[in-house]
Amino acid sequence: MSRKLIVFLMMMLAFTAIVSAQDILPRPGSQPNENVNILWPPPVYTVRGEIDLYGTANVPDMTSYFIEFRPLEFPELDGDGIEIVDEDAGESPWFPATLPNTAAVVEGVLGTWNTQTAPDDLYELRLVVNVRGAQPMYFYVNPLRIENEQSEFVPDSLLVNNNQPTPLPTATRPSVVPTLLASPTPLNTIPRVTARLNANVRAGDGLGYEVISTLDEGTTAQVVGISTSGNGWYLIELPEGGRGWIAPSTVIAEGDLRSVPRVNPPASPTPPATATPVPSGNLTGTPPSLSVSPPTCNVAFEVLVNITNSGTASTNSPVSVTIQDVHVASGQVQASVIREVPALSPGQNWVVGGPFTIGTYYNEEHRIEVIIDTGGQVAETNESDNRLTTNYTLARGGC
């Protein structure tokens with residue numbers, strides 16, 4: 001029997017074992033929830049390149065959702081075929097497939113997964129839905145095979161046709177079946193920002209300038225300048241025409257920002273008359289700390305931030321805090337999470353954080369940025385101390 005035939009038969013046996021172990025379910029121990037699920041891709045499926053992940057994330061008090069993945073693990077068996085349980089073994093880490101999103105989705109695109117960031121192998125997906133005041137909700141799909149490097153031993157019947165994906169069963173088929181691209185989409189290097197929320201566009205680079213327009217949540221605008229004052233405000237081309245300034249805490253920056261010119265902002269507006277001081281809260285904190293220093297390429301680490309109300313009154317309402325990893329040279333955001341801080345009394349602290357796994361720009365400088373009160377929900381005595389940063393150089397490790 002030829003070597004190729006032997007390898008092929010072994011792969012078919014492995015594939016049969018995988019099919020018998022297929023799994024698509026919500027959080028273990030709970031009933032399936034039609035409001036938390038992944039409809040596409042289905043279990044026992046081969047994917048490559050960038051694919052849209054379809055499903056539903058729509059539950060009351062949802063603060064955000066994201067999708068992550070990890071290599072599929074198989075139990076170790078003894079000579080009698082009984083699983084060997086290692087009580088000291090920890091759970092394998094999950095890696096982000098999509099960035100967090102706060103908008104509800106019903107039978108639509110949950111996000112786009114670039115499978116080229118992971119080696120060809122078997123994996124499982126997990127949808128995580130964070131709910132205010134409750135435990136997160138989960139939904140799993142496995143097994144999935146990533147195959148960007150096609151093997152000569154794998155028969156065509158096991159591969160995805162990039163133009164005609166394998167049909168889903170009627171019960172789980174999404175209303176729109178995605179078509180996998182034959183090649184990845186070219187990188188868009190145009191400097192641009194996308195609004196995280198309905199963000200004010202002002203006549204200058206500060207809150208004291210007049211509001212001249214609004215960039216609606218999800219709307220993208222081209223960046224034509226960055227303020228020379230060092231506060232990071234962007235000068236953008238407005239969709240309706242004209243230009244204006246927008247705060248970095250309200251947008252996601254993308255593209256190559258290294259060539260964007262630095263622009264002098266307009267003269268500061270006349271300050272308003274001084275009012276009688278009113279007791280007010282003020283949110284600030286200490287620079288973010290890293291559980292691993294320095295972080296290593298494709299190795300998970302934790303970012304923690306201690307938020308403090310240093311004002312003289314309660315902040316009265318919860319606020320959102322954005323934590324993001326930025327490649328310093330290009331200004332591109334590599335990953336981000338959004339957390340919520342409840343109303344804090346004067347002097348009260350609250351610790352927030354999140355997991356990060358960075359697999360780009362190793363041996364280069366990165367910056368962890370923390371943006372407090374991202375949506376501007378709370379009036380503070382000092383709005384300039386809401387941005388905290390820590391720089392590090394990403395170690396290459398095994399990348």
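Predicted model: local features only at pLDDT ≥ 70, side-chain atom pairs only at ≥ 80, totals over all residues.
The disulfide comes first. The structure holds one such link, formed by C297 and C399, whose sulfur atoms are 2.0 Å apart. A disulfide is a covalent bond between the sulfur atoms of two cysteines. The torsion about the S-S bond is -95°, and the link of C297 and C399 is left-handed. As for where the two cysteines sit, C297 is in the loop between β19 (289-290) and β20 (301-309), while C399 is in the segment after β25 (387-393), so the bond ties together parts that are 102 residues apart in sequence. The two ends also have their own accessibility classes. C297 has a relative accessibility of 3% and counts as buried, because the cut-off for that class is under 20%. C399, at 29% relative accessibility, counts as partly exposed, because this value falls between the 20% and 50% limits.

The aromatic side chains come next. A pair of aromatic rings is described by the distance of the centres and the angle of the planes. The count for this model comes to eight aromatic pairs. One of them is W40 with Y45, with 5.2 Å centre to centre and 65° between the planes, an edge-to-face arrangement. Both W40 and Y45 are buried.

Another pair is F69 with Y123. The ring centres of F69 and Y123 lie 5.7 Å apart and their planes meet at 70°; angles over 60 degrees count as edge-to-face, so this pair belongs to that class. F69 is in strand β5 (residues 62-71) and Y123 is in strand β8 (residues 121-131), and the pair links these distant parts of the chain, 54 residues apart. F69 is buried, with a relative accessible area of 5%, and Y123 is buried as well, at 3% relative accessibility. F69 and Y123 also belong to one aromatic cluster, together with F95 and W113.

Leaving aside residues up to four places away in sequence, T189 touches G255 and D256. From T189 to G255 the C-alpha to C-alpha distance is 4.1 Å, although the two residues are 66 residues apart in sequence.

Notes:
Residues numbered from 1 in each chain as written. Heavy atoms only, no water. Disulfide = S-S within 2.5 Å. Helix = DSSP H or I, 4+ residues; strand = E, 2+ residues; numbered from the N terminus. Buried < 20%, exposed > 50% of the residue type's maximum accessible area, 1.4 Å probe, protein only. Phe/Tyr/Trp six-rings, centres within 6.5 Å; stacked < 30°, edge-to-face > 60°. Contact = heavy atoms within 4.5 Å.
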